[in-house]
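Q: I am new to this structure and would like to learn how to read a few of its features. Could we take them one at a time?

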Amino acid sequence: MVPPLYAGLVDDACLLPPSPVGLDDAVLKHQEHTASWYSDLIGSLLMPASLLGTEQVPRLTAALIGDVPAAALPNTVEKLRSSGVVVKHLEAAVARRGEDPQPGLATLRTFAAAGTGLPLYAEIPLSWGLLAALDSVAEARADGVPIAPKFRVGGLAAELFPTPVELAAVICACRDRELPFKLAAGMRHATRHTDPETGFTHHGFLNVLVATVIAAGGGEVAEVAEALAATHPVPLVEPARTHRDGPRPLFVGFGAANVVEPLTELVRLGLINGGFE
């Protein structure tokens, strides 16, 4: 019922701020999602590392969000594994906006060298040093390090939302370096839209998906930006239908506080058959 194009697209971010959901409730709800007819859409349950020590962690399978100092990550992973948690991958910021991302990337490479075997997603700010950081990630992957970039495309200030051209350039830069990537923040709906309360214009996850298909097919920045700038689903639905039975290029996925919301939008757009349920 979920076409391959959308497989694992949406991570379960119900535990991330500002969500008030407790760990036990989050685990139960995630299990419901992964046992449902739309389970193929669901990626990992995202668990903040800072939860360790504040709540009893049950046996579960989750991805770890490194919201603790990088030096504490190896110990955090070891504690989770010893308690029966299967850690699927680790996502961690390597720098704040405006800082040099290279030292943080070096720390993650050291973490990988410790032999944890975890796939790593390095959250790189969309600011100074980005292209050099992508070069470093590409070099690390060539050396066998299981690392890929992650980008924030939203936040609490207008400058944290890249323009379509800016994001298109990032997508093409990842394409040119053969780097899959994840996105976080601000991806609330399928198509690009403006929040009436904040006035911020958010990227749509369907825009990004179609944009990456175009980029993977050799599209230039202007073509990719055009897909990202679309505020109506009509120019996005047909490309999505055309590629529905193939793997999703480049775009690993994004997190949603309520995974049913992106599912509902895809069903309403006719891109996933929701059936009777």
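Q: Which residues form one aromatic cluster?
A: In this predicted model, the cluster is formed by Phe151, Phe181, Phe205, Phe251 and Phe254.

Q: How many aromatic pairs does the structure hold?
A: The structure holds 6 aromatic pairs.

Q: What describes a pair of aromatic rings?
A: Two values are used, the distance of the centres and the angle of the planes. Take Phe205 and Phe254: their centres are 5.1 Å apart and their planes stand at 20°, and the pair is stacked.

Q: Where do Phe205 and Phe254 lie?
A: Phe205 belongs to helix α6 (residues 205-216) and Phe254 to strand β10 (residues 251-256), so their pairing ties together parts that are 49 residues apart in sequence.

Q: Is Phe205 buried or exposed?
A: Buried means a relative accessible area under 20%. Phe205 has 1%, so this residue is buried. Phe254, at 0%, is buried too.

Q: What is the arrangement of the rings of Phe251 and Phe254?
A: Their planes are at 15° and their centres 6.4 Å apart, so this pair is stacked. Phe251 and Phe254 are both buried.

Q: Now the helices. At what angle do α3 and α4 pack?
A: Helix α3 (residues 102-113) and helix α4 (residues 130-142) pack at about 15°, and their axes are 10 Å apart. Angles under 35 degrees count as roughly parallel, and α3 is therefore roughly parallel to α4. The crossing of α3 past α4 is right-handed.

Q: Which residues make the contact?
A: From α3 come Gln102, Leu105 and Arg109, and from α4 come Ala132, Ala133, Ser136, Val137 and Ala140. By type, the residues of this contact of α3 with α4 are 5 nonpolar, 2 polar and 1 charged.

Q: Let us turn to the backbone. What is the phi of Glu178?
A: The phi of Glu178 is near 60°, which is a positive value in a residue other than glycine. Glu178 sits in the loop between α5 (164-176) and β7 (181-184). With a relative accessible area of 66%, Glu178 is exposed.

Q: Which value does phi take at Ala185?
A: There phi is near 70°, again positive in a residue other than glycine. The loop that holds Ala185 runs between β7 and β8 (193-194).

Q: How does Ala185 count in accessibility?
A: Ala185 has 24% relative accessibility, so this residue counts as partly exposed.

How values were computed: Residues numbered from 1 in each chain as written. Predicted model: local features only at pLDDT ≥ 70, side-chain atom pairs only at ≥ 80, totals over all residues. Heavy atoms only, no water. Axes fitted to C-alpha atoms, helices over the stretch in contact; angles between N-to-C directions. Helix = DSSP H or I, 4+ residues; strand = E, 2+ residues; numbered from the N terminus. Parallel < 35°, antiparallel > 145°, perpendicular 65-115°, else oblique. Left-handed = near helix turned anticlockwise from the far one by under 90°. Contact = heavy atoms within 4.5 Å. Nonpolar A, V, L, I, M, F, W, Y, C, P; charged D, E, K, R; others polar. Buried < 20%, exposed > 50% of the residue type's maximum accessible area, 1.4 Å probe, protein only. Phe/Tyr/Trp six-rings, centres within 6.5 Å; stacked < 30°, edge-to-face > 60°.
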